[in-house]
Every structure is written in structure tokens, then in C-alpha cells.
Amino acid sequence: MCDKDTIVDCRRRRVLGFGTGFLARVTKLQPGAPCFIFDTSTRSLYGGFVVEAVGEHLDKIAWGDRNKDYPVQVQFAQDPAISSGEKMQNAIQIRENQFKSIVTYKDSKRMELFLDGDTAAALAGLFCESVA
């Protein structure tokens, strides 16, 4: 998850950040698992990514002075299954109306951050359709 203030570093540095309260959940993520960025400012999901590494302070520079707010981090890479081996310069963007029926929402605006396998696979399928 990101917003207009953090999306640039998330995408450029290929890292997602979380507060310390998310450590237990983030460390359960396995390399190769599907990974998505939800931009709360545009209500868009960016994808075509997989988890590369998880831990604390993997990127000490991302988000500048706000780095301390996101000590639990996930590094991600382009998903080779979605990119078909071609380097994508920009992530694929899907608007909320395209994925809203797939994800679970906590309330009218907040979706679950951590997805079960079926939900992640369904979302990954949307990104595969976008490049087909």
C-alpha cells in the first residue's frame, strides 16, 4: 500500500514498507509470492511483481526522513510469468472497479493488506490478461 507521497520510492526502489506491527505477517511472505502495490490516492493496483526478500530496514534510503515509519520491508521484482521475459518499464495499473469484486474489504475504503492464495492468484490473472 502506498499513497501519492510514497508511490515513487515504492516503484523506483522496488520496496514496500510497513510499521513494526506488521512484522509477524510480513516475515511469513515467501520469495516468489505474488506482490501488488495499492495506491490509496488513485485507488489503483499495480502489479506484475513477486516477493524477493522480506525483513527490517532492507532499504535504508527509501522514503527519506519517513523511512523510520516503515522499518518492515518487502523487496519485490518483476514477475517473469507476467512479463513473458520482456522488461517492462512501467508496472501494469488496474483500476479499483476492475478488482473490487476479487478482494476483501475491512470497510468501504480499506481492503485487506495480506491476501490468501486464491485472491492473489485471481489478481495475478488480471495482470496476465492486461499484457495478453
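Is Glu-96 buried or exposed? I looked it up, and Glu-96 counts as buried at 13% relative accessibility (buried means under 20% relative accessible area, exposed over 50%, partly exposed in between, with a 1.4 Å probe and protein chains only).

A note on ground rules: this is a predicted model, where local features need pLDDT of at least 70 and side-chain atom pairs count only at pLDDT 80 or more, while totals for chains, interfaces and linings use all residues. Residues are numbered from 1 along each chain as its sequence is written, and side-chain values use heavy atoms, with hydrogens and water left out.

**Entry: salt bridges**

I searched the whole structure and got five salt bridges (a side-chain nitrogen of Lys or Arg within 4 Å of a carboxyl oxygen of Asp or Glu). Glu-96 is in one of them, with Arg-43 as its partner at 3.0 Å, N to O. This pair links distant parts of the chain, 53 residues apart: Glu-96 is in helix 4 (residues 96-99), and Arg-43 is in the loop between strand 2 (34-39) and strand 3 (44-56). Helices (H or I, at least four residues) and strands (E, at least two) are DSSP runs, numbered from the N terminus. Arg-43 is buried as well, at 17%.

I then looked at Asp-9 and Arg-12, which form a salt bridge at 2.3 Å, N to O. They are three residues apart in helix 1 (residues 7-13), so about one helical turn separates them. Asp-9 is buried at 13%, whereas Arg-12 is exposed at 56%.

Lys-4 and Asp-5 also form a salt bridge, at 3.6 Å, N to O. Here Lys-4 is exposed at 60%, and Asp-5 is exposed at 52%.

**Entry: rings**

I counted seven aromatic pairs (ring centres of Phe, Tyr and Trp, the last by its six-membered ring, within 6.5 Å; planes under 30 degrees apart are stacked, over 60 edge-to-face, the rest tilted). Phe-22 and Phe-114 make a tilted pair, 6.1 Å centre to centre with 35 degrees between the planes. They sit 92 residues apart, Phe-22 in the loop between strand 1 (15-18) and helix 2 (23-26), Phe-114 in the loop between helix 4 and helix 5 (117-131). Phe-22 is partly exposed at 30%, while Phe-114 is buried at 17%.
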